[in-house]
Structures are given as C-alpha cells and as structure tokens.
Amino acid sequence: MSLAVHHSWERPDFGTLLRRHWPLLPLAGTVLALLVPVPAGDATASGKVGPADAASLLLVFVCAVQVLRGRVRPLSPLGVLVLGLPAVGLAVSTVTAGDPYAALPGFVRYLQVFVLVPAAIVLLVRDASEFRLAAGCFVVLGLMQGAVGVVQFATHTGASYQGEDIRAVGTFGPGDVMGMATVVAYGLVAATAAALAPGLPARLRRLSGAAALALALPLVLSFSRGAWIATFAAAVLVMGLAGIRRALKVLLALAAVGVVLVGGLGVGSEMVAERLTSITQVSDAPDQSVTDRYTMWAAAESMWRERPAVGVGLKGFPANRDAHSGLALSSGSDTAGAGQAFIRQPLLSPHNMYLLVLSEQGLIGLVALAGGWAVLLVAGLRRCVAGGPALRDCGLVATGLLVWQLTDFLYADIGGPSTVLTGVIIGLAAWWALPSGGEPGRLAPEGAAGR
C-alpha cells in the first residue's frame, strides 16, 4: 500500500494535476497569450484589450471566486499595504486630474497592472511548484518569441534598423520594438536563476542553462539598449546571490557564446558594437532617440514642478508634453518592416517609468508605487540571503525579475501587449517577499488539493 501511495504521489495523472492547479490556468494563459500575433494599430488609440489582457482579467475573476470560497493564500497586513496603497495614489491622481474622464482609462490600466494582477497571483499561488509553473511559462514564451526574432534577423524580415529589416521584434511588430526584447529578457533571467539554483535537479539546471544561452542571441539581435542594461543588472545580482563559483561558470559560458556568435560568426558585430557605444553618448553627438529621451525626461520633470503633489493626472503627459518640451524634441520615431509599412509613431511618454509616474501622479503616486517596489526588493533580498537552498530557485527568479523590471523602468515605461507581464512579475516578487500563513514553499494539505 505504501508503494502505491508513493507511486501516485510521484506520478499523478493529468486529472489530478488539473483539479489541483486549475486556478493557475489563467496565469499561464496571461503569459503564453503573448505568443498570439496582435495586428499593429494606431499607437494613439487607448483601451485596446489583447489576449493577454483578457487572460489577466479572467485571472482576477478566478481569484475573486476563490476568495469568496475561502480557498486562497492568506495575505499579511504588510501585503495588504504594499498591494493596496497604489490604488489610493491612483484614485487621488484621477480625481485631481484636469479631465478626470480622460484619466479614467489610465486608472483602469494601472489598477490592472499594479494592483489586481499582483494581488491575484499572491492569493492564488500556493506553493513553490505553482511558482515554478509560472516561471517556466516565461522561459517558454521567451524561447518561442526569440526563435521568431532570430528568423527575422536571418531572413531580413524584421523591423527596420539602419536601413535594413533585421531588428528582431518577434510577433510584436515594429510598433512595439521593446516587446520581444522584454519577454526574451524575462525568460533569460528566469532560466539563469533556475540554472544556478542549488535545490533543483541537475537535469533541470542543465536545461535551464541551455535555455539561458539560447535566449542570449535574440536579446542581442533586438538591439535594445535598455533591455541589455536591465538584463546585465539582473544577471549579476542573481549570480551574486547564487554564489561565486556558480557565477563564474555562467560568465565563462556567456563569454564563449559571445565569442562564437559575434566574433566567430560575425552576427551583427558592427551594429551591436555601435549600439553599445551609443549608450554612453549622452553629450557627445547622441543619436536622435537619445536626444528625444532626455528632452522628454526634462518635460516630465517640468510637469512635476508645476503640480508636485498630484501631478498633471493620469494620461496627462501627451497633452502637456509640447508645453514643457524644448525644440530638440522630434515629432516622433520612424517604424517600418516586419510586414508593416512606414509609420511615424508619436512620442507619448517619457520612456522612464519613474518620471512618468512623477509627472502624472506626483509625489503621492510615486511613493505609493515605487515605495511598494522598494519594500518588495528589500524583503525579497533578505529572504534570499537568509533562506536555505530548498526554495532558493524561487527567490532567485522573483528577485531577478523584479530587479530587471526596476532597472528597465529607468529607460522605459508601461505600454504595449507585454505590459501585463509587469503585473505578473510584481505578483511573483510579492509572493516571495511577503510570505504569510507559513513558509510559501510548503505544499498545501492533501485535503486542499482540489481547492
């Protein structure tokens, strides 16, 4: 009898797995729905709901049902504060906006990404196995989008870059050139963390390491400077938390891959080198995209100084941009390729999440949002340092993804289909950093398997 029970535990059938984990299907769908190509549309249009957004709404609905049934993970008072305070800041910014009706779509979007989706993940994800399921979805998404991007580079069917249709953008198209770079970087960070985690089986670590190395190529071919910087910061932190020996192995492997791809095969070597050099060209002949970015940063700061407490209101940056911008700002950015004709995309945000929040929501909104992120980062790092090896992979994934996102926010803000993944990452980071009702890696009792 004991053997039978052990066999059932080790190899549960599909029906058992489905009954146990069915509330997480919308979470997996939220991540994997980004594999569905979304037709390019007008960048100025608001209120567009893609497949991933629809899945996230289903996730929130399932969470609400499970809350009513009393079958969710308890939330600590600190968790309530960190996840609920942004809603207060958003409400204040909306009601104090010059046009509250125009600010309402922004309120809904921010509430979805920074409150509802993270809270649903914290409440629904019960144990480490379910956390790893979500992390695995990020790796799968990154590999598949990255494969499309590599083909685009090789066949010259990508987005236009320096007169050639070679920029890897995946299924996101030239109107969202950061989309593929973002999801590939998410997968690379998650795979690197799993490869370095001491508590996982050796075979899984090797597969994760191979996935991380494979994802390095499409990330390079995205020519996204912000994604490169954020990935470097997150990878260094993850390797530091995992230990020096493991970090050295990963660095050697990445160096070897870089030498083979760029040095040996010459994969975009000149363009990559030029793109890397442009990162430091702030005052010495910067390109137009850098000039536009810094001009919009100055405009965001000017808006904040006008209304320091509450900002100009959600969705208020585009309307106030011209009144606060210098003459160096161009009329937009050129996009083409990947099946799309030439389009001039307007510049509707400062491409810095912290400055966007500061300009539109003021100090109240910035403290409510960024203050919560800082709490999650500090608490997550403390658990990574103090915890044992059993759950180290969850901590490395959660902390690495959060550091990637917070670093990327220095060069980008929310926008596009991949925005909903920001909420997923904050939710996973909160699940790790704010444990309640016992250790989060502990498996739920058998009686609760069906939820």
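1. A word on terms before we start: a residue is called buried under 20% relative accessible area, exposed over 50% and partly exposed in between, using a 1.4 Å probe and protein chains only. Please keep in mind that this is a predicted model, in which local features need pLDDT of at least 70 and side-chain atom pairs count only at pLDDT 80 or more, while totals for chains, interfaces and linings use all residues. Residues are numbered from 1 along each chain as its sequence is written, and side-chain values rest on heavy atoms, leaving out hydrogens and water.

2. Overall picture. The chain has 17 helices and four strands; these are DSSP runs numbered from the N terminus, with helices (H or I) of at least four residues and strands (E) of at least two. Of its 451 residues, 50% count as buried.

3. The H4–H6 pair. Helix H6 covers residues 100–124, and H4 packs on H6 at an angle of about 50° with the axes 9 Å apart. Axes here are lines fitted to C-alpha atoms, for helices over the stretch in contact, with angles from 0 to 180 degrees between N-to-C directions. H4 is therefore oblique to H6, on a scale where angles under 35 degrees are roughly parallel, over 145 roughly antiparallel, 65 to 115 roughly perpendicular and the rest oblique. The crossing of H4 and H6 is left-handed, that is, the near helix is turned anticlockwise from the far one by less than a right angle (clockwise would be right-handed). H4 brings Asp 53, Ser 56, Leu 59, Val 60, Val 62, Cys 63, Gln 66 and Val 67 to this contact, and H6 brings Arg 109, Gln 112, Leu 116, Val 117, Ala 120, Ile 121, Leu 123 and Leu 124. By class, the contact of H4 with H6 holds 11 nonpolar, three polar and two charged residues, where Ala, Val, Leu, Ile, Met, Phe, Trp, Tyr, Cys and Pro count as nonpolar, Asp, Glu, Lys and Arg as charged, and the others, Gly among them, as polar.

4. Asp 53, worth a look in that pair. Asp 53 sits in H4, which spans residues 51–68, and counts as buried because its relative accessibility is 7%. Its side chain makes a polar contact with the side chain of Arg 109 at 2.8 Å. (A polar contact is a pair of N or O atoms within 3.5 Å; within protein, one must be able to donate a hydrogen and the other to accept it, and sequence-adjacent residues count only if both atoms are side-chain atoms.)

5. The H7–H17 pair. Helix H7 (residues 128–155) and helix H17 (residues 420–433) have axes that come within 12 Å and cross at roughly 150°, so H7 and H17 are roughly antiparallel. Their crossing is left-handed. On the H7 side the contact is made by Ala 128, Phe 131, Ala 134, Phe 138 and Leu 141, and on the H17 side by Leu 421, Val 424, Ile 425, Leu 428 and Trp 431. The class count for H7 with H17 is 10 nonpolar, no polar and no charged residues.

6. Ser 359. This residue belongs to helix H15 (residues 353–386) and is buried, with a relative accessible area of 0%. A polar atom of the Ser 359 side chain lies 3.0 Å from the backbone oxygen of Leu 356. Leaving aside neighbours within four places in sequence, Ser 359 is in contact with Ala 300, Met 303, Trp 304, Gly 311, Val 312 and Phe 317.

7. Val 92, in helix H5 (residues 77–95), is partly exposed at 26% relative accessibility. Beyond its neighbours within four places in sequence, Val 92 contacts Val 310 and Ile 364, and its C-alpha is 10.0 Å from that of Leu 314, 222 residues apart along the chain. Leu 217 lies in helix H9 (residues 202–221) and is buried at 18%; Leu 217 and Gly 146 are 71 residues apart in sequence, with their C-alpha atoms 8.0 Å apart.

8. Backbone points to check. Most residues other than glycine have a negative phi. His 156, though not a glycine, has a positive phi of about 55°; His 156 lies in the loop between H7 and strand E1 (159–161) and is partly exposed at 45%. Phe 223 also has a positive phi, near 55°; Phe 223 lies in the loop between H9 and helix H10 (225–242) and is buried, with a relative accessible area of 0%.

Terms used:
Contact = heavy atoms within 4.5 Å.
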